[in-house]
Amino acid sequence: MVFAEPNGLFLENVAASGTALTSLPRHYLEQFHPTYNPDAESLAKDEGFANWMELFAARGGLGPGDLGAWQNSDLQTGRFPLNVANHVVVS
């Protein structure tokens, strides 16, 4: 990678827990992206989404802070699979 100006915290930011760059499994999400799957748009329509971007986001493509990432048990991110609709946290 080449930056226009110094980016001394780049490695720290990439290594930080929970960044979208390192938390999303490419091998899984490629199937929903038109760069890697030319049928992504028709797949989205078949599953009831307006376009591939909605499908990608629904499958966890917006990062670990997005609720969709927690509701998709097929998305393996190194976290425990969790469907928040079926769990209660007691502290």
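This is a predicted model: local features need pLDDT of at least 70, side-chain atom pairs count only at pLDDT 80 or more; totals for chains, interfaces and linings use all residues.
Residues are numbered from 1 along each chain as its sequence is written, and side-chain values use heavy atoms, with hydrogens and water left out.

Let me begin with the overall layout. The accessible surface, calculated by the Shrake-Rupley method with a 1.4 Å probe and with only the protein chains shown counting as cover for residues, comes to about 6600 Å², and 57% of it belongs to carbon and sulfur atoms. Of the 91 residues in the chain, 23% are buried, a word that stands for under 20% relative accessible area, with exposed meaning over 50% and partly exposed in between (1.4 Å probe, protein chains only).

Now to the inside. Which residues form the largest nonpolar core? There are eight of them, namely Y28, L29, F32, A40, A44, W52, L55 and F56, and by a nonpolar core I mean a set of buried Ala, Val, Leu, Ile, Met, Phe, Trp, Tyr and Cys residues joined through side-chain atoms within 4.5 Å. Helices α3 (26–29), α4 (40–46) and α5 (52–58) each supply at least two residues of this core, and the largest share, three residues, comes from α5. If we look at W52 and leave aside its neighbours within four places in sequence, we find W52 in contact with F32, H33, P34, A40, E41 and A44.

Is N37 buried or exposed? With a relative accessible area of 16%, N37 is buried. A polar atom of the N37 side chain lies 2.9 Å from the backbone nitrogen of D39, and, not counting residues up to four places away in sequence, N37 touches E30, Q31 and L43.

That brings me to charged pairs. Side chains of opposite charge can pair when their charged atoms come close. How many salt bridges does the structure hold? It holds three, a salt bridge being a side-chain nitrogen of Lys or Arg within 4 Å of a carboxyl oxygen of Asp or Glu.

One joins E30 and R26, whose closest N and O atoms are 2.5 Å apart; here E30 is partly exposed at 24% relative accessible area, whereas R26 counts as exposed at 54%. Another joins the side chains of E41 and K45 (3.7 Å, N to O), and both of these residues lie in helix α4, four residues apart, which is about one turn of the helix. E41, at 31% relative accessibility, counts as partly exposed, and so does K45, at 49%.

The remaining pair is E47 and R59, with the closest N and O atoms 2.2 Å apart. Because E47 lies in the loop between α4 and α5 and R59 in the loop between α5 and α6 (67–71), this pair ties together parts that are 12 residues apart in sequence.

Conventions
Contact means heavy atoms within 4.5 Å. A polar contact is a pair of N or O atoms within 3.5 Å; within protein, one must be able to donate a hydrogen and the other to accept it, and residues adjacent in sequence count only if both atoms are side-chain atoms.
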